[in-house]
Amino acid sequence: MKTKNLLITFVLLILNSSSLFSQNTFDIVFPNNDRNQKCQQCIQIFSKKPKEVHFSIKREGTNLYFQVNDKKWFNLLFKNPGDGLAVDVVVRDRYKCEYETINNTQIRGLLLKPIYTQKLKSGLKSMEENVYKVHVGRIPEAFINDKLEYNILFLSNKNLCNYYWVYNLESYPWELLDMGMYLDSLTYNPKEIKPSGKDGYTIRNKTLKFKIPFEKNKAEYSQEDIRPIYDSLRLTDFNIKTINIKAYSSVEGSLERNIELQEQRVNSIVKALQAFQKPTIKTYVSSSENWVEFLNDIQGTNYENLTSLSKEETKVKLKGSLSKALEPILQKHRKAVLELELEKKDKYTNMLTNDLLSKFNTAISEGQLDEANKIQNSIFEKMKKKEISPEFLRKMNIPKQVKFAKIFNKNSAYRYMLNVREAVIVYNELIELEKLVPKNAEVKYNLVAIKLKLWHFKWKEIDENKLKNQIKALKTYGIDNSLISRMMVNFHIIKAEELMKKRDYDNKDKSVNYINANYKNFPMSNYDYLSLAQFFTYYANINMAVKLLDEKVKSIDIDENLLFYYLNLTLVDINSTNDSNYRTIMLNAINMNKSRYCKLFNSIEKGGVTFQLLEYEYLRNTFCEDCNN
């Protein structure tokens with residue numbers, strides 16, 4: 001697993017000096033039209049900076065340090081006596097909503113005394129592998145209790161050549177894309193998306209997703225209303241275990257009334273579905289106004305001018321005749337998106353553990369394969385519920401014979417799915433099984449999936465070329481091309497890590513480009529999307545991460561963490577935020593989790609991206625409309 005907080009630097013080139021604060025600028029020279037000439041060397045060094053090189057300002061108490069992960073590049077940048085840097089200490093109060101405008105100044109806060117080459121190089125200290133830092137200043141006493149951020153002025157022969165501000169990108173765990181394992185069929189372990197290493201790993205049952213339209217002003221749904229939906233699920237062998245409902249109202253009318261109506265609707269739907277079965281259905285419900293589809297659907301119509309209005313201004317416009325005119329659009333926005341998790345009906349659910357084991361071993365000894373398979377699945381269900389330990393699997397007597405190959409494969413694969421640390425043991429078991437059934441596609445697939453993990457975790461020496469050929473050879477055993485493509489993407493994810501450690505950036509980029517060109521060849525879970533986006537970002541390919549998520553963020557049922565990760569990636573890009581579609585994405589985030597959206601504009605030290613986003617008038621207006629309270 002990789003998880004790392006990335007501090008990304010964003011460049012603003014200094015073009016003139018007409019708007020400086022009346023403050024001490026020390027001996028710094030602010031070039032005008034001669035900037036390219038005076039900063040030629042500095043510009044070249046930055047243009048050739050490997051994208052994997054990162055730097056930032058770190059605060060420790062009242063001390064500020066410049067931190068960098070590449071000493072060689074540091075020494076190139078600070079070479080001549082007049083090369084150096086200075087820190088601009090920016091205060092959050094600069095962006096108060098009561099200010100009508102913000103002064104457009106090159107130096108946004110208080111400029112600290114510059115530090116030049118001799119002092120930078122003599123003070124640079126190694127902190128850990130590929131992390132170096134040097135003291136560059138102290139926070140003024142008057143600012144100690146303020147919310148602060150720190151921008152960097154890079155100087156060449158005392159000329160200001162680049163002005164950088166730093167923002168914080170929230171990190172998530174990322175791993176290989178889930179390849180699943182063959183049990184009765186290909187079974188995945190989709191993980192829940194949780195930030196910063198909070199691992200959530202659950203083996204899920206079958207899931208179904210569909211939408212229920214709402215009639216205007218109707219709040220009650222009967223069992224008969226829901227029966228066509230229930231019948232379409234064909235739940236002969238399954239019960240509904242959980243329902244996750246996201247309910248949406250159209251945007252006209254009172255927010256409070258809209259939310260109240262949606263809650264009545266979803267509670268009515270859950271009650272109707274519960275009437276079809278005895279086991280209690282766990283439910284998770286959220287309600288919001290459907291601004292996303294509203295703003296998308298009025299694009300290109302006579303009502304497109306509404307996209308430039310605030311939410312309250314839009315609601316005022318939608319009173320009366322305009323609401324009636326827009327009803328054909330609005331009626332499509334009233335709905336619930338249901339995600340049902342189903343669990344297989346289990347006739348052995350109440351059988352005692354020891355009796356279940358005895359019955360399984362008897363079925364095996366008597367060659368009753370269908371019965372043994374059903375009992376085995378019941379044992380798996382009890383393990384999902386943590387009613388019995390995974391060690392129980394070792395007590396199941398499965399002879400290594402061809403007729404029991406499927407059951408043996410399931411037991412080994414399931415043990416691996418429960419605990420990846422069993423990978424080496426399970427791999428060796430499946431190698432032995434493969435000798436019995438050398439042409440069994442499911443065994444071969446499971447072997448290659450585990451082998452990729454073994455390589456990834458450095459648990460086994462792997463011949464890369466041989467592994468690549470094994471992946472491609474799966475096609476001859478009937479494995480679908482999309483599954484093979486997913487494995488090849490994982491192959492190159494691991495390969496990119498290997499090359500990155502060797503600082504072989506060119507070949508690393510070839511693997512990253514392969515991944516970017518091939519991920520569309522197979523379906524991905526939300527966790528896969530976020531994992532791959534985090535992978536691209538980690539390797540300094542933010543544009544690839546943004547492109548990966550561009551289409552998903554326009555959907556009302558996007559995962560919340562995916563949406564907020566996209567905002568982290570794009571909020572600092574003025575070209576993105578000035579796009580009219582971006583407001584739709586922001587309103588989607590505000591509807592999902594308003595407090596989380598507002599937190600993005602906190603200082604870096606308080607968990608935000610950066611409060612300097614409020615330099616952008618468009619973002620500042622949205623923030624002040626929704627977050628000022």
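I start with a definition: angles under 35 degrees count as roughly parallel, over 145 as roughly antiparallel, 65 to 115 as roughly perpendicular and the rest as oblique. The angles run from 0 to 180 degrees between N-to-C directions, and the axes are lines fitted to C-alpha atoms, for helices over the stretch in contact.

Now the provenance. This is a predicted model, in which local features need pLDDT of at least 70 and side-chain atom pairs count only at pLDDT 80 or more, while totals for chains, interfaces and linings use all residues. Residues are numbered from 1 along each chain as its sequence is written, and side-chain values use heavy atoms, with hydrogens and water left out.

The overall picture next. The protein has 25 helices and 16 strands; helices (H or I, at least four residues) and strands (E, at least two) are DSSP runs, numbered from the N terminus. The C-alpha trace spans about 90 × 70 × 40 Å along its principal axes. Of the 629 residues, 52% are buried. Here buried means under 20% relative accessible area, exposed means over 50%, and partly exposed is in between, with a 1.4 Å probe and protein chains only. If we take contacts between residues at least 6 apart in sequence, 72% join residues at least 24 apart. Contact means heavy atoms within 4.5 Å.

On to helix pairs. Two packed helices are described by the angle between their axes and the distance between the axes.

Which way do H18 and H19 run relative to each other, parallel or antiparallel? The axes of helix H18 (residues 505–518) and helix H19 (residues 526–538) cross at roughly 150° and come within 11 Å. H18 and H19 are therefore roughly antiparallel. Their crossing is left-handed, a term used if the near helix is turned anticlockwise from the far one by less than a right angle; right-handed is the clockwise case. On the H18 side, Val512, Ile515 and Asn516 make the contact, and they meet Leu532, Phe535 and Phe536 in H19. By class, this contact has 5 nonpolar residues, 1 polar and no charged. For the classes, Ala, Val, Leu, Ile, Met, Phe, Trp, Tyr, Cys and Pro count as nonpolar, Asp, Glu, Lys and Arg as charged, and the others, Gly among them, as polar.

The second pair is helix H11 (residues 353–365) with H12, where the axes come within 9 Å and cross at roughly 150°. H11 and H12 are therefore roughly antiparallel to each other, and H11 passes H12 in a left-handed crossing. H11 contributes Leu356, Lys359, Phe360, Ala363 and Ile364, while the H12 residues they meet include Glu371, Ala372, Ile375 and Lys382. The contact of H11 with H12 divides into 7 nonpolar, 2 polar and 3 charged residues.

The contact of H13 with H15 has 5 nonpolar, 2 polar and 3 charged residues.

Next, backbone geometry. Most residues other than glycine have a negative phi. Lys386, in the loop between helix H12 (369–384) and H13, is not a glycine but has a positive phi of about 60°. Lys386 counts as exposed, at 73% relative accessibility. Phe26 also has a positive phi, about 55°. Phe26 sits in the loop between strand S1 (6–12) and helix H1 (35–38) and is partly exposed at 34% relative accessible area.

In helix H25 (residues 617–626), the buried residues are Leu619, Arg620, Thr622, Phe623 and Asp626. They cover an arc of only 165° around the axis, which puts them on the same side of H25; the arc is that of the directions from the helix axis to the C-beta atoms. These buried residues pack against helices including H8 (311–317) and H23 (580–592).

Gly608 lies in the loop between H24 and H25. Is Gly608 buried or exposed? Gly608 is buried, with a relative accessible area of 2%. Not counting residues up to four places away in sequence, Gly608 touches Asn168, Lys599, Leu600, Asn602 and Ser603.
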